[in-house]
Amino acid sequence: MNRIKLKKYEQYNENEILALYNSVEWINYTNNPEMLRNAFNNSLTIVGAYEDERLIGIIRIVGDGHSIIYIQDIIVLPEYQRMGIGSLMVKEILNLYAHVYQKILLTENQPNTVEFYKKMNFIPDFEMGCVAFGHFTFI
């Protein structure tokens, strides 16, 4: 973990991003590289996790940066998962946007995923008397 460094991801490299998204089988993104490139180019903040110069994880944020941020993507290469890298990236974003009122994310309802976010002090919408809605266009 000592060799893992976080830094702002500033120069979009399609090969490394597609490899990262492919590694976790997020094919809705990898089947549409133009959408993914545009999403990166229009993100509020992107932080990468690096081992030396190799990109091993990414967290992507969208929103206005004042009243709301939306944590869109958190990806860590499978061989680096369960090493605290995802937590490190989430903590970095929560510190960076500590002043923001709403910090939102949408994720799959799997026990390990739910537990991860609860450990990071995220609260399921229903526990706050809210309901979340989505409208998706799959390409």
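Colleague: How many salt bridges does the count come to?

Modeller: The count comes to six salt bridges. Keep in mind that this is a predicted model.

Colleague: OK, which residue does Arg37 form a salt bridge with?

Modeller: Arg37 pairs with Glu14, and their closest N and O atoms are 3.0 Å apart. The two sit in distant parts of the chain: Arg37 is in helix H3 and Glu14 in helix H1, 23 residues apart.

Colleague: How do H1 and H3 pack, then?

Modeller: Helix H1 (residues 14-23) and helix H3 (residues 33-41) pack at an angle of about 105 degrees, and their axes are 11 Å apart. That angle makes H1 roughly perpendicular to H3.

Colleague: Which residues meet there?

Modeller: From H1 you have Glu14, Ile17, Leu18 and Tyr21, and they meet Pro33, Leu36, Arg37 and Phe40 in H3. By class, the contact has six nonpolar residues, two charged ones and no polar ones.

Colleague: Switching to the sheet: what is the order of its strands?

Modeller: The order is E1-E2-E3-E4-E5, in an open sheet of five strands with mixed pairing. The edges are strand E1 (4-8) and strand E5 (102-105), each pairing on one side only. Neighbouring strands are turned by 25 degrees against each other on average, direction ignored.

Colleague: How many bridges join E1 to E2?

Modeller: Five bridges join them, and E1 and strand E2 (residues 45-51) run antiparallel. Ile4, for instance, stands opposite Glu51 in E2.

Colleague: Back to charges. What does Lys7 form a salt bridge with?

Modeller: Its partner is Glu53, with the closest N and O atoms 3.7 Å apart. Lys7 is in strand E1, while Glu53 lies in the loop between E2 and strand E3 (54-63), 46 residues apart. Glu53 is exposed, at a relative accessible area of 65%, whereas Lys7 counts as partly exposed at 39%.

Colleague: And which residue pairs with Arg54?

Modeller: Glu79 does, with 3.2 Å between the closest N and O atoms. Glu79 is in the loop between strand E4 (68-76) and helix H4 (85-96), and Arg54 is in strand E3, 25 residues apart. Arg54 is partly exposed, with a relative accessible area of 41%.

Definitions and conventions:
Residues numbered from 1 in each chain as written. Predicted model: local features only at pLDDT ≥ 70, side-chain atom pairs only at ≥ 80, totals over all residues. Heavy atoms only, no water. Pairing = 2+ DSSP bridges. Helix = DSSP H or I, 4+ residues; strand = E, 2+ residues; numbered from the N terminus. Axes fitted to C-alpha atoms, helices over the stretch in contact; angles between N-to-C directions. Parallel < 35°, antiparallel > 145°, perpendicular 65-115°, else oblique. Contact = heavy atoms within 4.5 Å. Nonpolar A, V, L, I, M, F, W, Y, C, P; charged D, E, K, R; others polar. Salt bridge = Lys/Arg side-chain N within 4 Å of Asp/Glu carboxyl O. Buried < 20%, exposed > 50% of the residue type's maximum accessible area, 1.4 Å probe, protein only.
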